[in-house]
Amino acid sequence: NVSFTYSPNTAYEIHALKNINLEIREGEFIGLIGHTGSGKSTLVQHFNGLMKATGGAIYYNDENIYGEGYSMKKLRSKVGLVFQYPEHQLFEVDVLTDVCFGPKNQGCSKEEAEERARQMLKVYADFAENYMAVPVVQGVKSETERFAGALDTYTIEAMMQDGKALQSGTSHFLGQNFGKAFDVQFLNKENKPEYAWATSWGVSTRLMGALIMTHSDDNGLVLPPALAPIQVVIVPIWKTDEQLAQLNEKADEICKNLKAMGVSVKYDNADNKRPGFKFADYELKGIPVRVVIGARDLENGTVEIMRRDTLEKETVSIEGIEAYIKNLLDDIQANIYKKALDYRNSHIYECDNYEEFKEKIKDGGFFLCHWDGTAETEAKIKEETQATIRCVPFDVEQTPGVDMVSGKPSKCRVLIAKAY
């Protein structure tokens, strides 16, 4: 009999819940259905004590969560809430306190939190390279470039076709700074209170920009097969209804076999657009493989295939066409990545002369330069060239040297580039 009233005994009093009875058993999925303002979110917030009922009680495993001595921390480690619109579902005084809820109740140590931040960077890099076919440099940001309040910010940096860098994903090790600022503590493995070690990570829609700017050409998008919503389009060419019927039958067979192999395919036999329009349209949309089949092709047992990455066309046998296309998609994925990787690698330069650097940076590219570690040198480079230190790369063998700007000793090379 749970009831809840907002602003009780005031002019703004609203009865949100009234005598609600609900039991959720292990393994059950429950849907709460109601119009906006009916109290769905209010009820859910009672499940782990984010809100306290003004009437009735909540039981978890037959224990009253409002009972004396009941541990809300223990409850919240078992009952979690995820809201679809967190920007409108804030339960603490600010976003940071909300974000700290997870680390606070999970109890991560410093080492675990830092490892998770690095782990997410690897997740980003794997997705960027193996799905988006975008090669990235993994590294750690300088103090100036790192997220405010973080101890370390890890990044993946991609090179666009104009030679500029795009920060494509970041993962932050926040240390205990936010835990101390907002008094977020947990009981560690020794059962002693400790400020939360927090992490934060995320990628955004800028990845779509990275995909477009890394691969596309003057004809439009070039989509890697691993991410293309439509991997293959089949376009028939016919003159009579009888020819179309025959082409439909064969195309349906090919589509069925491709789908069984996990390939997404579209058969476009619409008669309101000419084949030439369809070809240009699908090139613009970046569909990796185009298959064209006409009445004469059907007689000869062949089809014409065009790959979007190179625009190359070839005539191949219909026999075994599905396996051929599947292998072709894998080849396109690998070729798109290799093309981007070769471009990036051919535009990475080691540079130890500042005057030379100032000239070359105008044309874009990644520059591996020694840096003395000071914010003053970093600021001078940015002011004079509009380039920034993108990261200290992980995969570069670091040797001591001399800073090209200040002439001071340097412990490592950093990646410097102009960036979006």
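In which kind of crossing does α8 pass α11, left-handed or right-handed? Keep that in mind for a minute. One caution before we start. This is a predicted model.

Let's begin with α11. Helix α11 covers residues 321-345, which is 25 residues. From its first C-alpha to its last, α11 reaches 35 Å. The expected span is 36 Å at 1.5 Å a residue, and α11 comes close to that.

Now look at what α11 hides. Its buried residues are Ile321, Glu322, Ile325, Leu328, Leu329, Ile332, Gln333, Ile336, Ala340 and Arg344. An α-helix has 3.6 residues a turn, so residues three or four places apart point the same way.

Next, the partner. Helix α8 runs over residues 241-260. The axes of α8 and α11 lie 9 Å apart, and the two helices pack at an angle of about 50°. That angle makes α8 oblique to α11. And here is the reply to my opening question. The crossing of α8 past α11 is right-handed.

Who touches whom? On the α8 side we have Glu253, Ile254, Asn257 and Leu258. On the α11 side, they meet Ile321, Glu322 and Ile325. Sorted by class, this contact has four nonpolar residues, one polar and two charged. Go back to the buried list for α11 for a moment. Ile321, Glu322 and Ile325 are all on it.

Val289 sits in strand β13, residues 289-294. Is Val289 buried or exposed? Buried, because its relative accessibility is 0%. Which residues does Val289 contact, once neighbours within four places in sequence are set aside? They are Gln231, Val232, Val233, Ile305, Met306, Leu328, Leu329 and Ile332. Val123 is 166 residues away along the chain, and the two C-alpha atoms are separated by 28 Å.

Strand β13 turns up again with helix α9. That helix spans residues 275-284, and its buried residues are Lys278, Phe279, Asp281, Tyr282 and Glu283. What covers them? The cover includes β11 (232-237), β12 (265-267), β13 and β14 (302-307). Just after α9 comes Gly286, with a positive phi of about 80°.

Asn9 is one case, at about 60°. Asn9 lies in the loop between β1 (2-6) and β2 (14-20). Asn9 has a relative accessible area of 75%, so it is exposed. Asp62 is another case, with phi near 65°. Find Asp62 in the loop between β3 (59-60) and β4 (63-64). Asp62 counts as exposed because its relative accessibility is 75%.

Now the loop between β2 and α1. Helix α1 is residues 40-46, and Ser38 belongs to this loop. Leu22 is in the loop between β2 and α1 too. Leu22 has 43% relative accessibility, so Leu22 counts as partly exposed.

Some distances here. Ser38 and Leu17 are 21 residues apart in sequence, and their C-alpha atoms are 8.4 Å apart. Leu22 and Asn1 are 21 residues apart along the chain, with 8.7 Å between C-alpha atoms. Beyond its neighbours within four places in sequence, Leu22 contacts Ile30, Leu32, Leu43 and Phe47.

Last stop, Asn191. Look in the loop between β8 (185-187) and β9 (193-195). Asn191 counts as exposed because its relative accessibility is 57%. How far apart are Asn191 and Pro236 in space? The answer is 70 Å, C-alpha to C-alpha, for residues 45 apart in sequence.

To close, go back to the helices on your screen. Find α11, then follow α8 as it passes in that right-handed crossing. From Leu328, Leu329 and Ile332, step across to Val289. Thanks, that's my tour.

Key:
Residues are numbered from 1 along each chain as its sequence is written. This is a predicted model: local features need pLDDT of at least 70, side-chain atom pairs count only at pLDDT 80 or more; totals for chains, interfaces and linings use all residues. Side-chain values use heavy atoms; hydrogens and water are left out. Helices (H or I, at least four residues) and strands (E, at least two) are DSSP runs, numbered from the N terminus. The expected span of a helix is 1.5 Å times one less than its number of residues. Buried means under 20% relative accessible area, exposed over 50%, partly exposed in between (1.4 Å probe, protein chains only). Axes are lines fitted to C-alpha atoms, for helices over the stretch in contact, and angles run from 0 to 180 degrees between N-to-C directions. Angles under 35 degrees count as roughly parallel, over 145 as roughly antiparallel, 65 to 115 as roughly perpendicular and the rest as oblique. A crossing is left-handed if the near helix is turned anticlockwise from the far one by less than a right angle, and right-handed if clockwise. Contact means heavy atoms within 4.5 Å. Ala, Val, Leu, Ile, Met, Phe, Trp, Tyr, Cys and Pro count as nonpolar, Asp, Glu, Lys and Arg as charged, and the others, Gly among them, as polar.
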